[in-house]
Amino acid sequence: MLKSLLEYLGLEKGRLQLAWLSSAEAERFVKIAKETIELVRKLGPAKKLVKKKFATERHRKTQKNNEK
Amino acid sequence: MEKIEKKIREIAGKLLKDEKVKLVIGFENGTLPMKARPTFIKIQENVEKLVWNSLCENNLAVYIPFYRQLMDKGDKIGVIAKGCDARSLVLHFQENVAKREQIVIIAIPCDGMLDRRKIEKEVFPNEITELSENGDTIVIKGKEFEKTFKKTDFLCDDCNTCTHRKPVLYDELVESSTKESEKSGDYGKIKEFESKEQDKRWKLFTDEVSRCIRCYACRNACPSCYCKECFVDCTNPQWIGTTIDEKTDLELFQIIRTFHTAGRCVNCGSCTRACPMDIDISLLVNKLSIDAKRLFDYETGLDIEGKPVLNKYSEDDSNEGFFE
Ligand code: SF4
Ligand code: SF4
């Protein structure tokens with residue numbers, strides 16, 4: 001339902017991924033992780049629901065730190 | 001209307017006189033035209049204050065969580081309930097907010113409530129000073145004008161799509177000639193929104209909620225929102241920014257509040273009506289009701305023995321949206 005709501009509101013299809021997994025399903029975990037990476041690569045960086053102010057501030061800070 | 005009003009007063013008076021209930025929650029006339037307000041009657045003499053008309057829009061079940069202490073002492077509460085109020089009460093019983101025997105439901109089959117804003121828009125810029133109704137006819141008066149409307153043309157959207165105007169559960173029923181809505185369950189507005197392009201939808205949604213001033217009137221008007229500490233007020237951890245500077249916080253607030261009512265919203269429309277910024281919250285919450293029906297064939301607040309849909313698990317539940 002959450003996925004359906006977010007996509008209804010216009011979030012990119014596939015931005016939210018959900019999977020049922022148990023700790024015994026290692027192979028399935030790998031498969032799903034790989035698929036998710038594929039999907040996210042295709043979608044590119046998230047632009048929606050991103051905190052802009054906060055992100056830029058933190059970004060600036062890390063940049064400064066790196067320069068030091 | 002007058003007949004219903006008389007009957008309500010009679011029932012409420014009797015309940016208070018026989019000390020069956022400590023308190024009756026109903027409506028009285030507000031101080032502004034076109035407004036009825038919730039009232040809390042504790043003594044029999046005051047039942048004359050109770051009114052019933054097409055402006056009794058609040059969902060009165062919202063007050064039940066505040067009276068837990070009173071109910072724990074063994075006192076009972078009478079609630080005047082429309083279809084949606086009764087469904088919210090059922091939700092409260094399911095979620096142990098109150099016990100069935102603690103509430104006396106005085107049920108009134110409802111014909112839908114008027115949408116003040118639609119009427120104000122219609123006669124804009126004139127100011128309305130008086131509203132009277134007679135069956136299906138509404139007469140509005142102001143300085144130097146008078147207009148007559150058909151009530152059904154100015155109902156709230158959520159009253160039009162209402163699926164259960166007749167209360168599902170009651171102790172006392174006030175008979176009326178109510179018919180279920182012709183557009184019952186017809187969520188045309190949602191379908192139309194759904195048919196738009198993804199980016200267009202996102203723009204419409206974000207534009208709509210960008211007006212939010214975080215007053216939380218929507219949350220406070222909602223009978224399903226009764227957490228002692230709401231996620232927006234929590235400071236440790238702080239889940240979400242509390243200002244309106246960051247648009248993302250507004251979007252997140254709306255999405256999360258909406259989702260907290262998933263499978264628990266009765267589509268009473270109280271949130272939408274409460275919003276001072278005229279944000280169409282029903283555009284969000286109605287979608288959840290549609291999905292609950294589509295995925296789980298579930299409607300909120302119909303079965304007092306049942307559980308809210310997201311509290312249940314069955315092996316045949318839909319796996320829509322999950323990895324194969
Ligand atoms: S979310 Fe809105 S429509 Fe749904 S129960 Fe709460 S107030 Fe009513
Ligand atoms: S009532 Fe409207 S403005 Fe107030 S918090 Fe809710 S959506 Fe925002």
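Which residue in S7(B) does Gly142(B) stand opposite? It is Phe145(B).

This is a predicted model, in which local features need pLDDT of at least 70, side-chain atom pairs count only at pLDDT 80 or more, and totals for chains, interfaces and linings use all residues. Residues are numbered from 1 along each chain as its sequence is written, chains are lettered from A and ligands numbered from 1 in the order in which they are written, and side-chain values use heavy atoms, without hydrogens and water.

**View 1. The open sheet of chain B.** Three strands are arranged in the order S5-S6-S7 with antiparallel pairing (strands are DSSP runs of E, at least two residues, numbered from the N terminus; two strands pair if DSSP finds at least two bridges between them). S5 (128-134) and S7 (145-150) of chain B are the edge strands. Six bridges join S6 (residues 137-142) of chain B to S7(B).

**View 2. The salt bridge between the chains.** One salt bridge is counted between chain B and chain A (a side-chain nitrogen of Lys or Arg within 4 Å of a carboxyl oxygen of Asp or Glu). Lys48(A) forms a salt bridge with Asp199(B), their closest N and O atoms lying 3.1 Å apart.

**View 3. The buried area between the chains.** Chain B and chain A bury about 2,700 Å² between them, 65% of it on carbon and sulfur atoms (the accessible area, 1.4 Å probe, that two parts lose on being put together, summed over both). Trp202(B), Phe322(B) and Phe323(B) supply 28% of the area that chain B buries against chain A, more than any other three residues.

Definitions and conventions:
Helix = DSSP H or I, 4+ residues; strand = E, 2+ residues; numbered from the N terminus.
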